[in-house]
Amino acid sequence: MAHIKFIDTVVRNLPASTKGQTIYWAVGLSGLGVRVGVSGRKSFISKISFQSKDRIVTHGKYPEIGIKEAIERHHALLDRAARGLSFEAEEKVHVENIELLGRAYFERRQIAGFKDVGNQRGIFEKNVVPFLGKKDPSEIRPKHIRECLHRTLERIKADRPDIEGAGLSHIRHLQVVLRGFFKWLVSEEIIDMNPALSVETVGVARVRERVLTPVEIWRFWRAIDLTGLDNHVVNALRFMLATGQRAKEVRSLRWADLDLREKVWQISAGTAKNKRMHRVPLNDLAFKIIHDSRPSSYVRLQSDVYVFGATKSLSERTLSKALLRKRKEIGIEDFTPHDLRRTAATMITAVGLPSLYASLLLNHAQQGITNRVYVHYSYDFEKKK
């Protein structure tokens, strides 16, 4: 255990760690130290005994925080601990914990225009924050990542015991989020190594191929009215099948996105998953759903109102939770909102149209540099067909 004089010339000249992180403790200041990583980054820390448990608090990076300020913060924590007072408030301010860094990470990704930020933030907050949120990122090891994955998988399996392979796809998404988050921490020089990289994949995700049969389609359309679900939820689910679009895009549909004269729904690049504008022709079923959803008080000045949610859109899990609760009443087993989109695509090819037409209607990204960069034709003819 290395001890040093806590003066600027000594701290400034501390060498980078050869492996992992090295902590140098201050002579004459019990529990105050400086942590040095393999990149040479230095952070002041305090090791405080509180309620018979040692707590590590990170004060901040050197030289952004000077030695004098680090000593003052250390003494303030010692004083609170001696009086039996919790110093969680100080921890939230000074500790670079996983929860606070996660907020900064997703805010930056959103500003930078990355897609699917909302979904990834939700995965992080639900699965990572409860287990790792209060930890200093330097404390995280591969075993913590592995345990987080297994706990999440066990929770999902307990919630959905009747579904084979439940949670495996979610776990793969969680691993992507964790690897990206810790990669960002490395790039910000907050940690030196990504603990999520060496963690093996937990299970193999099952590729879902569920498609409703014609009888199940009839049963869904007829029975969902009798379940007592809110009209916005019923209409949104029917609209997914009638148009083949994603749940997020249906939930985000505004009256201003519709050209009711031409019977076209234009999905903006900001809303679309692949960040490409998409025009969706509205067939007779879709148009009737729109008509039934339109409030009698609607005027053009209220065009920011959501079609399936009045002044705000339906929440992310509303549709899936509704089906999970009511699918026995509908009479269809193992049935999710995304199965409606897959069913619509399957029926397009079942009536003899090329699979390209289904791909265009679903707004799947077309491969090749020509399609990605040069072709901006909206394919309205093919989609209407």
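1. The model under review is a predicted one. The second largest pocket holds about 510 Å³ of space. Its lining comprises 22 residues, and those nearest the centre are Leu-241, Ala-242, Asn-283, Ile-348 and Leu-361.

2. Helix H9 (214–223), helix H10 (231–243), helix H14 (337–350), helix H15 (355–362) and helix H17 (380–384) each provide at least two residues of the lining of the second largest pocket. The largest share comes from H14, which gives four residues.

3. As to the overall architecture, the protein has 17 helices and eight strands. Of its 385 residues, 44% are buried. Among contacts in the protein with a separation of 6 or more, 56% are between residues 24 or more positions apart.

4. Strand S4 (residues 42–50) deserves attention. Seven of its nine residues are buried, so S4 is largely enclosed by the rest of the structure. Strand S3 (residues 32–37) runs antiparallel to S4 and is joined to it by five bridges. Within this pairing, Val-34 has Phe-44 in S4 as its bridge partner. The hairpin of S3 and S4 has four residues between the strands, and Gly-40 there adopts a positive phi near 90°.

5. S4 also pairs with strand S5 (residues 53–62), again in the antiparallel sense, over nine bridges. Phe-50 has Lys-53 in S5 as its bridge partner. Two residues lie between the strands in the hairpin of S4 and S5, where Gln-51 takes a positive phi near 55°.

6. A further sheet is open and consists of three strands in the order S6-S7-S8, paired antiparallel. Its edges are strand S6 (258–259) and strand S8 (278–281), each of which pairs on one side only. S6 and strand S7 (residues 264–267) are antiparallel and share two bridges. Asp-259 is placed opposite Val-264 in S7.

7. Which residues of helix H5 (residues 117–127) are buried? They are Val-117, Gln-120, Ile-123, Phe-124 and Asn-127. These residues lie on the same side of H5 because they cover an arc of only 130° around the axis. The buried residues of H5 pack against helix H4 (98–112), helix H6 (129–132), helix H7 (142–159) and helix H8 (168–187).

8. In helix H12 (residues 284–293), the buried residues are Ala-286, Ile-289, Ile-290 and Ser-293. Viewed down the axis of H12, they fall within an arc of 100° and therefore line one face of the helix. The face turned away from this buried side carries Asp-284, Lys-288 and His-291, which are exposed. The packing partners of the buried residues of H12 are H9, H10 and S6.

Methods
Residues are numbered from 1 along each chain as its sequence is written. This is a predicted model: local features need pLDDT of at least 70, side-chain atom pairs count only at pLDDT 80 or more; totals for chains, interfaces and linings use all residues. Side-chain values use heavy atoms; hydrogens and water are left out. Buried means under 20% relative accessible area, exposed over 50%, partly exposed in between (1.4 Å probe, protein chains only). The arc is that of the directions from the helix axis to the C-beta atoms. Contact means heavy atoms within 4.5 Å. Two strands pair if DSSP finds at least two bridges between them. On a 1 Å grid over the protein atoms alone, a cavity is a set of points where a 1.4 Å probe fits but cannot get out, and a pocket is an open set with protein on both sides within 12 Å along at least five of seven lines; lining residues have an atom within 4 Å of a point. Grid points are joined across faces, edges and corners, and a volume is the space filled by probe spheres set on the points.
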